[in-house]
Amino acid sequence: MASRLFAADVDVLIVGAGAAGLSAARELMRLGVSFRMVEARERIGGRAFTGASLGAGFDAGAEIVHFADRNPWVGIARDLGVTLDGSGWRMGGWQVHANGQPLGMIERGRRWQAFREMEARMERVAASGRDMSLADAVADMAPESREIARSGLLLVLGEDGVRISVLDNQSLWSGPDLTTTSGYGALVEAYGKALPVSLSTPVTAINWGSGGIEAMTPRGTITARAAIVTVPVGVLKAGAIRFTPDLPSGHLAALDGIGMGALTKIALRIDGERFGLSDGSTLMEATRPEAMTMIELFPNGKPLAVAICGGDVARDLGAAGEAAAISHITALLAGMLGSSVRGAVKAGRLASWWHDPLARGSYSVCQPGRSAARAALAEPVAARLWFAGEATGGGGAMTVGGATLSAWQAARACAASLKA
Ligand SMILES: Cc1cc2nc3c(=O)[nH]c(=O)nc-3n(C[C@H](O)[C@H](O)[C@H](O)COP(=O)(O)OP(=O)(O)OC[C@H]3O[C@@H](n4cnc5c(N)ncnc54)[C@H](O)[C@@H]3O)c2cc1C
């Protein structure tokens with residue numbers, strides 16, 4: 001293998017062409033380092049994907065440009081002539097329904113109070129520096145408020161509080177949220193459009209032990225001096241890429257400490273009805289806290305309803321399949337808006353990232369007590385193997401912005417190492 005590696009004709013192999021892979025490619029190009037990028041899917045973008053199969057585009061994965069004050073995608077969008085906006089998103093008003101009834105102001109206020117109590121407890125844990133699960137952090141709240149508070153985070157993190165590290169959660173950046181009417185997935189696709197990539201080329205094994213990289217794919221073996229692996233943590237944990245020799249114990253421990261949430265979207269095409277709602281109206285179905293579902297209607301005036309749920313309920317919904325998921329969301333909407341919903345729903349799509357073998361979850365969450373895992377995973381292996389992507393995005397973890405920042409960092413470190 002050593003002699004074949006000596007003959008490697010690319011410097012860097014990039015595995016995966018989502019936001020991280022595309023960003024690594026752009027950065028290596030800027031630095032004059034040769035690369036080959038391979039992607040298992042038939043498209044680029046990974047978990048940033050704007051689907052058009054319902055006749056109107058919707059983001060099946062990433063939608064919001066978070067922490068816009070430091071998100072690199074603000075500048076990328078500007079360079080690509082794509083307008084980001086903070087005004088149009090979910091601005092049609094909010095309703096919360098439980099047991100078939102809209103909640104009044106007092107009950108809604110009680111819910112906000114539960115979220116505030118949870119936030120205060122998480123801040124206390126962060127200040128103490130002693131990690132615990134989100135569920136433990138809110139254990140002393142009144143039972144009903146506790147369940148309400150936990151249900152809110154299901155929609156943000158896609159995972160139940162028992163599997164979430166408070167320290168990691170509190171280290172994540174916040175800031176202004178922006179969106180684009182043409183879709184975040186479409187923006188990521190535009191960023192990567194001109195880059196060379198071998199699609200439908202999954203890497204199944206990587207040998208990294210003999211002075212370089214040898215990567216196996218169904219289309220042949222690729223040799224390189226180094227590799228930047230950007231596949232999701234869920235894919236790494238499932239063993240979809242066999243590493244030889246085994247990854248160092250620190251990296252294996254890091255993977256053990258990071259899980260994947262199950263944020264799931266179900267989009268419905270709705271024709272001929274508006275139910276008296278404004279564009280961008282948001283309905284929360286909150287009868288069962290563990291099954292809290294948020295449904296945005298007519299985003300940017302499109303004839304769509306896009307539902308989001310998370311945690312084990314979302315896993316079960318994904319396992320039940322697209323038809324079952326569509327009828328479940330249709331039934332929830334009918335319970336809130338009336339039976340005319342049933343006739344207005346013309347089609348639907350389920351984006352169950354948990355069941356997608358090339359994602360195996362929506363985005364990474366650190367297990368309680370394992371908040372150092374992201375940094376450990378980002379450590380280079382033998383100065384020739386880097387892991388990048390949302391999971392190693394530091395304060396930007398879980399997001400497209402974090403994926404890009406981590407990939408730029410890995411690309412620079414990798415280039416410096418090759419030039420040393
Ligand atoms: C429902 C949902 C909502 C979200 N909402 C937001 C949001 O509003 N804002 C936000 O910033 N982020 C959001 N995210 C998270 C965001 O989508 C991700 O953080 C980001 O897209 C991750 O980029 P990445 O490059 O790290 O990984 P990915 O986009 O997953 O890219 C990895 C690539 O590797 C490929 N791959 C996998 N296995 C192999 C293999 N063996 N060989 C070769 N290629 C392989 C995959 O096909 C994929 O294209 C959301 C995610 C989901 C699922």
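1. An oxygen atom of the ligand sits 2.8 Å from a polar backbone atom of A20, a polar contact in the sense of N or O atoms within 3.5 Å of each other. Please keep in mind that this is a predicted model, where local features need pLDDT of at least 70, side-chain atom pairs count only at pLDDT 80 or more, and totals for chains, interfaces and linings use all residues. Residues are numbered from 1 along each chain as its sequence is written, and side-chain values use heavy atoms, with hydrogens and water left out.

2. Two further contacts are worth a look. E63 places a backbone N or O atom 3.0 Å from an oxygen atom of the ligand, while H66 has a polar side-chain atom 3.5 Å from a nitrogen atom of the ligand. The ligand alone exposes 1000 Å², and the protein buries 98% of that (Shrake-Rupley accessible areas, 1.4 Å probe).

3. Now the shell. There are 40 residues around the ligand, of which A20, E39, R47, I64 and E390 come nearest (a residue counts if one of its heavy atoms lies within 4 Å). By class, 24 are nonpolar, 11 polar and 5 charged, with Gly counted as polar and Tyr as nonpolar. Helices are DSSP runs of H or I, at least four residues long; α2 (19-30) and α15 (400-419) each supply at least two shell residues.

4. On to the domains, whose bounds come from an automatic or database assignment. The chain divides into domain 1 (2-44 + 195-259 + 366-419) and domain 2 (109-171). Their contact takes 9 residues from domain 1 and 11 residues from domain 2 (heavy atoms within 4.5 Å).

Key
Polar contact = N/O pair within 3.5 Å; in protein donor to acceptor, adjacent residues only side chain to side chain.
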